[in-house]
Amino acid sequence: SDQSLIRNFSIIAHIDHGKSTLADRILEMTQTVASRDMREQLLDSMELERERGITIKSQAVRVFYEAKDGQTYQLHLIDTPGHVDFTYEVSRSLNACEGALLVVDASQGVEAQTVANTYLAVEAGLELIPCLNKIDLPGAEPERVAGEVAELIGEDPESILIISGKTGQGVREVLEQLVERVPPPGGDRSAPARALIFDSEFDQYRGVVAYIRVVDGVFRKGEPIVAMATGSEADIDDIGFFTPAMTPVQELSAGEVGYLITGIKDVTKLRVGDTLTNKRRPAEEALPGYREVKPMVFCGLFPINNDDYADFRDALEKLSLNDAALAWEPETSDALGFGFRCGFLGLLHMDIVRERLEREYDLELMATMPSVSFEVTLTNGEIVEVHNPSDMPDPARIQEIREPYIRASVLLPKEYVGVVMELCQERRGEHAGMHYLSAERVQLHYDLPLAEIVLDFFDQLKSRTRGYASLDYELLGLRPSNLAKLDVLLAGDPVDALSMVVHKDKAYEIGRNLTEKLRKKIPRQQFDVPIQAAIGSAIVARETVKAYRKDVTAKCYGGDISRKRKLLERQKEGKKRMKQVGRIEVPQEAFLAVLELG
Ligand code: GDP
Ligand code: MG
């Protein structure tokens, strides 16, 4: 195809500002999807995305647009996720583009991920096309929000498009601007072929499906290719683009975005960030890949059924292909058996991965408390990284513990500055600056321990500001803190999977809250179960789950068999997510009780 008629762009915005809906309108207006097949947020094709109403994976679609100049342009549109946990996903998509549509909800204004994603796009050197969306809403405030956007990107407020992804108002003008302002892709069609794998997924029947952006040359069906980093070789079985259905073609050339299938089933052989080239006429230099992402939050995942361990490993391998930010290593717990310690970019990411593993790979998993990773200097000078609280060395051997700190950026209406500062102080935050985006909106910076925001900071922020504050953060590095390991003992035995690392000043309060929460979550047994929280040998809190007195069926007197059976069935149901820990059956909720500590 004619390279000068190609335009590659991403749609970026804060969560819920209308990216996926705008993508719907573009698919509809360009007749990419027949109207009978149209449905809302069409590109959110994963079951989980539809249920939760959020975009998790970027989607790349090709549409043809006949512009006012009479030419038909080939547009590659990438819809991206908006949540802070998926920033990495966004930055990879931006790398495959020359332009970005910046969507801002005209009834809300500039929010934390509006700012973060704008910076990413500017860093990637993209042409930005800002649009005020949801102009159809009665609460829309286009003048105020145009002012905020203009301030952010340093452009004239007059030049900002005013649109509605819902009604379609202004969407044609968006496409006109795209065609006019976003440059066609560079790259040399006659040079040796090079393509960047910017995403991939595993198809049970076809093996690895690599999502590629061709930078130079041409990739043709049947030709042999090499992945430059891994050295893997294969022939191209199938190549094509998304509409969003996979549509095969004979070739993809410089500037085009699409997919490529080789029949390779080993997911380690085609990695995201690797460069593909032609085996017969290889390129000399690989394309710059992606920076490694470091997982920030860790938890143990254990199959409920121990026989599922091998399937679980296999599922992790395949899912990692579609989720480059997921990290994992084997973990053995005295309480929970064999599993994996998994690393995530945040709590939403953790939640999504666990659900995808269960749904897409048919596993039943038990998750332990999330925690951050620590760096510990031992008294002998050795430095160790600790991903799991239960691996924290003996206090007598520890010289210093360092924990990850983040720089949080909170965007909020000025009347909430006081309550948010208070929340940040409670969470060991240090004020790091503040500035006004407009007369009404403020950007507040705080340095906080990641551990303090991992749990319920976001929920607290939302509830204390009635939903008006938004949060973005970036890792600052490690700082020393006065930390200690808090152990939990059930019936006198320490349960490794319940250990957590806490700030010493908060140890008593957390210990008390935690034992209290656990008391409510651990079902009664035939004997009393003491629950203790301890730091080293010092018990800081204690509760008891009293033994039950009666058989559960005792209250179903006499012959009512069906009612009795129902009760037993219900009890069995409730037992599903339980793990036998010593003599005690511990339900899943107990391991996540820490999430409710706030
Ligand atoms: P995303 O998270 O940025 O992809 O946002 P979605 O496209 O999923 O939209 C979030 C919500 O805003 C959905 O309920 C949409 O129906 C709604 N929405 C999106 N665009 C518009 C619009 O232009 N007008 C109105 N009234 N609602 C919209
Ligand atoms: Mg979306």
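Is glycine 18 buried or exposed? In this predicted model, glycine 18 has a relative accessible area of 12%. Buried means under 20%, so glycine 18 counts as buried.

**Confidence**

The protein chain has a mean pLDDT of 88, and 94% of its residues reach 70 or more. For the complex, the predictor gives an ipTM of 0.99 and a pTM of 0.80. Where pLDDT is low, the predicted coordinates should not be read in detail.

**The annotated binding site**

An unreviewed UniProt entry places the feature "binding site" at ten positions written out here: Asp16, His17, Gly18, Lys19, Ser20, Thr21, Asn133, Lys134, Ile135 and Asp136. Glycine 18 sits in the loop that runs between β1 (6-13) and α1 (19-29). Setting aside residues up to four places away in sequence, glycine 18 touches Asn133 and Lys134. Both of these residues are also on the list from the UniProt record.

Serine 20, another position in that record, belongs to helix α1. Its relative accessibility is 8%; the limit for buried is under 20%, so serine 20 is buried. With residues up to four places away in sequence again left out, serine 20 touches Gln41, Asp44, Thr55 and Asp79.

**Glutamate 127**

Strand β5 covers residues 127-133, and glutamate 127 is found in this strand. Valine 182 is 55 residues away from glutamate 127 in sequence, yet the two C-alpha atoms are 5.8 Å apart in space. Apart from neighbours within four places in sequence, glutamate 127 is in contact with Glu98, Gly99, Ala100, Arg181, Val182 and Pro183. Glutamate 127 is partly exposed.

The table lists the accessibility of the residues discussed.

| Residue | Relative accessible area | Class |
|---|---|---|
| Glycine 18 | 12% | buried |
| Serine 20 | 8% | buried |
| Glutamate 127 | 28% | partly exposed |

**The largest pocket**

Rolling a probe the size of a water molecule over the atoms shows where empty space is left. The largest pocket has a volume of about 940 Å³. It is lined by 31 residues, and Thr87, Leu120, Arg291, Tyr473 and Glu474 are the closest to its centre. Elements that give two or more residues to the lining are the helices α3 (87-95) and α4 (112-123) and the strands β23 (398-413), β25 (441-449) and β26 (470-481). By type, the lining of the largest pocket holds 16 nonpolar, 6 polar and 9 charged residues.

Key. Residues are numbered from 1 along each chain as its sequence is written. Chains are lettered from A and ligands numbered from 1 in the order in which they are written. This is a predicted model: local features need pLDDT of at least 70, side-chain atom pairs count only at pLDDT 80 or more; totals for chains, interfaces and linings use all residues. Side-chain values use heavy atoms; hydrogens and water are left out. On a 1 Å grid over the protein atoms alone, a cavity is a set of points where a 1.4 Å probe fits but cannot get out, and a pocket is an open set with protein on both sides within 12 Å along at least five of seven lines; lining residues have an atom within 4 Å of a point. Grid points are joined across faces, edges and corners, and a volume is the space filled by probe spheres set on the points. Helices (H or I, at least four residues) and strands (E, at least two) are DSSP runs, numbered from the N terminus. Ala, Val, Leu, Ile, Met, Phe, Trp, Tyr, Cys and Pro count as nonpolar, Asp, Glu, Lys and Arg as charged, and the others, Gly among them, as polar. UniProt positions are given in the numbering used here, feature names are shortened, and annotations may be inferred rather than shown by experiment. Buried means under 20% relative accessible area, exposed over 50%, partly exposed in between (1.4 Å probe, protein chains only). Contact means heavy atoms within 4.5 Å. pLDDT is the predictor's confidence in each residue, from 0 to 100.
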